[in-house]
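Let's take a walk through this structure, one stop at a time.

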Amino acid sequence: MSSLVLIDVAILVTLMILGVPVALTFVAAAAFLVYFGDYNSTTFLITSGFSKVSSVVLLAIPLYILAGGIMTQGGIARRLLDLADSVLGRYRSGLGVVTVITTAIFGAISGMASSAVAAIGSIAIPRMVEQGYDRGYATSLVSCSAVLALLIPPSATMILYGWVTGTSIAACFLAPLVPALILVALFSFWNAVLTRKMDIRVTEHQPFRVQVKTVFQRSREAGFGLAMPLIILSLIYGGVTTPTEAAAVAVMYALPVAFLIYRELTFSSFYEVVWKSAQVTAVLMFVIFTANMLARVLTLEDVPQQILHTMLAISENPIVLLLLVNVFLLMIGMFMEDVSGILLAAPLLLPVVTEAGVHPVHFAAIIGTNLGMGLITPPTAPILYFGTLIGQTTLAKVISPTLVFVFLAYFPVVLLTTFVPQLSLWLPSLITGL
C-alpha cells in the first residue's frame with residue numbers, strides 16, 4: 001500500500017485517539033490526500049458529498065429516528081418492560097432476561113442503540129437494582145443488549161449499508177436477524193450464570209388465573225407499540241411501500257398512538273422530540289457528508305484495490321481473508337460508531353469479501369455484528385460510556401460483565417455469522433427471493 005495512504009490512515013487514527021469528532025477527522029484525512037495527491041481542485045469533494053446526502057433513501061433515517069423518539073416519549077418502553085416482566089419476572093434471573101428481550105424489541109422500534117439505552121436503561125436499571133442486581137452488571141446488560149438495535153429490523157445501520165453498497169435494503173434488514181436472536185439467547189444464558197450469586201428478590205408468585213389476566217392486560221397496553229415494527233416490515237416485504245415510505249408511515253402511526261391512545265406525549269414533549277431528532281439527524285448527515293468526501297478520495301487513490309492486493313498477498317485462502325476482514329472491522333468498530341464505520345468500511349472491504357466469495361447481503365450481517373461488538377469494546381465503546389451515564393455508575397464496575405458478554409456471546413456470534421452464511425442468507429432468500 002502507498003506511503004501516502006498509510007500516512008493518511010495514521011492521521012485518521014491519531015485524531016480519533018485524541019478525541020477529535022469523527023466528521024472532522026474525515027475532513028482532515030480527505031484534505032491530506034487532496035493536498036499531497038495529484039488533484040487540481042477540491043470542488044469535486046463538495047459535489048460528491050452533497051450528491052450522496054441528497055439521496056431520497058437517506059430520508060428514511062430521520063423518519064425512523066423521529067418515530068422512535070415519539071414512541072419513547074409516548075411510554076412504550078415502560079409498557080414493554082411491564083409486559084415482559086409479567087411473563088418472566090417471577091423467575092430468579094427473569095428480570096435480566098426481560099431487560100434483554102425488551103431492549104431488543106425497543107431497538108427494533110427506535111432503530112438506534114443509544115435510544116434503547118436511554119429509554120430502557122432509565123427504567124430497567126433502577127428496577128433491577130431494587131431487586132438486588134449489581135448496578136454495574138445491570139448497566140452492562142442494558143448496554144450490551146442495546147447493540148441489538150443495529151441488527152433487528154428496521155435498522156438505520158442496514159439502511160446505510162444497503163445505500164452505500166447498492167444492495168437491497170429489504171434483504172439487508174433480514175440478514176442480521178438470526179444472529180441477533182442467537183445473541184438474545186446467549187445474553188439470557190449468561191445472565192442466568194452471572195446472577196446466580198446475587199441476592200435477587202423475585203416477584204411473588206400469583207395464582208395462574210391472575211397471571212394470565214395480568215399478561216393479557218399488559219399485552220393489550222403494549223400491543224400498539226409492538227405492532228409498529230410489524231406494520232413497517234409488512235409494508236416493505238409485502239411490496240406496498242419502499243423503506244423510506246414505510247418510515248413515513250411509522251411516524252404517522254406513532255403520533256396517534258402516543259397522543260391519543262397512550263396519552264403520554266404532550267405538545268411540549270413532542271416539540272422536544274422533534275428538536276432532538278433534528279439534532280441527531282444533523283450530526284448524522286454531517287458525518288455522512290464528510291465520510292463520502294473521504295470515501296471519494298480513497299476510491300480515486302485506488303485504496304479498495306490496494307487493500308485487496310495487500311490481503312491477497314498475505315493469503316488467498318477465503319477463511320484467512322474473512323478473519324482479516326473481521327480484525328479490520330473490529331479495529332474500526334473500536335474507534336468509530338456504527339454510522340461512520342459503515343460508511344468507511346463497506347466500500348473499502350466489499351471488493352475483498354467479494355473475492356472471498358461472500359454475498360453482499362451476507363456481508364451486511366458480518367459488518368453489522370462486528371461494528372455492534374465494537375460499540376461495547378474499549379477503548380472507545382461509545383454505547384458503554386453512554387450506559388454508565390444512564391446507569392449512574394463507573395466504567396470500572398461495568399467492564400467485567402461486559403467482557404463476558406463480548407467474548408462468550410458476541411464474539412462466537414461474529415464467527416458464526418462470518419463462516420455460516422445460511423444464518424444470514426436464509427431469511428432474505430425465503431422472503432425476498434434473494
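Start with helix α19, where I383, L384, G387, T388 and G391 are buried. Those residues span an arc of only 145 degrees around the axis, so they sit on the same side of α19. If that spacing looks like a pattern, there's a simple background to it. An α-helix has 3.6 residues a turn, so residues three or four places apart point the same way. Keep in mind as you look that this is a predicted model.

What do the buried residues of α19 pack against? Their partners are α7 (113-130), α8 (135-146) and α20. Let's follow the last of these.

Helix α19 covers residues 382-391 and helix α20 covers residues 395-419. Their axes come within 10 Å and cross at roughly 125 degrees. An angle of that kind makes α19 oblique to α20. As for its hand, the crossing of α19 and α20 is right-handed. On the α19 side, the contact is made by L384, Y385 and T388, while α20 brings in L395, V398, I399 and T402.

Now zoom in on L395, which belongs to helix α20. Leaving aside residues up to four places away in sequence, L395 touches L384, Y385 and T388. Take L384 from that list: L395 and L384 are eleven residues apart in sequence, and their C-alpha atoms are 7.8 Å apart in space. Is L395 buried, exposed or something in between? With a relative accessible area of 25%, L395 counts as partly exposed, because buried would mean under 20% and exposed over 50%.

Between these two helices there's a loop, and Q392 lies in it. Q392 follows α19, and its phi is near 55 degrees, a positive value in a residue other than glycine.

R263 isn't a glycine, yet it has a positive phi of about 60 degrees. Look for R263 in the loop between α13 (243-261) and α14 (267-300). Its relative accessible area is 68%, so R263 is exposed.

The next stop is about a peptide bond. Which residues does a cis peptide bond join? They are P153 and P154, and omega there is about -5 degrees. To find the spot, go to the loop between α8 and α9 (156-165), which is the place of P154.

Finish with one more pair of helices, α11 (residues 177-194) and α21 (residues 422-431). The axes of α11 and α21 come within 7 Å and cross at roughly 125 degrees, which means that α11 is oblique to α21. From α11, the contact draws on L177, V178, P179 and I182; from α21, it draws on L423, S424, W426 and L427.

Notes
Residues are numbered from 1 along each chain as its sequence is written. This is a predicted model: local features need pLDDT of at least 70, side-chain atom pairs count only at pLDDT 80 or more; totals for chains, interfaces and linings use all residues. Side-chain values use heavy atoms; hydrogens and water are left out. Axes are lines fitted to C-alpha atoms, for helices over the stretch in contact, and angles run from 0 to 180 degrees between N-to-C directions. Helices (H or I, at least four residues) and strands (E, at least two) are DSSP runs, numbered from the N terminus. Angles under 35 degrees count as roughly parallel, over 145 as roughly antiparallel, 65 to 115 as roughly perpendicular and the rest as oblique. A crossing is left-handed if the near helix is turned anticlockwise from the far one by less than a right angle, and right-handed if clockwise. Contact means heavy atoms within 4.5 Å. Buried means under 20% relative accessible area, exposed over 50%, partly exposed in between (1.4 Å probe, protein chains only). The arc is that of the directions from the helix axis to the C-beta atoms.
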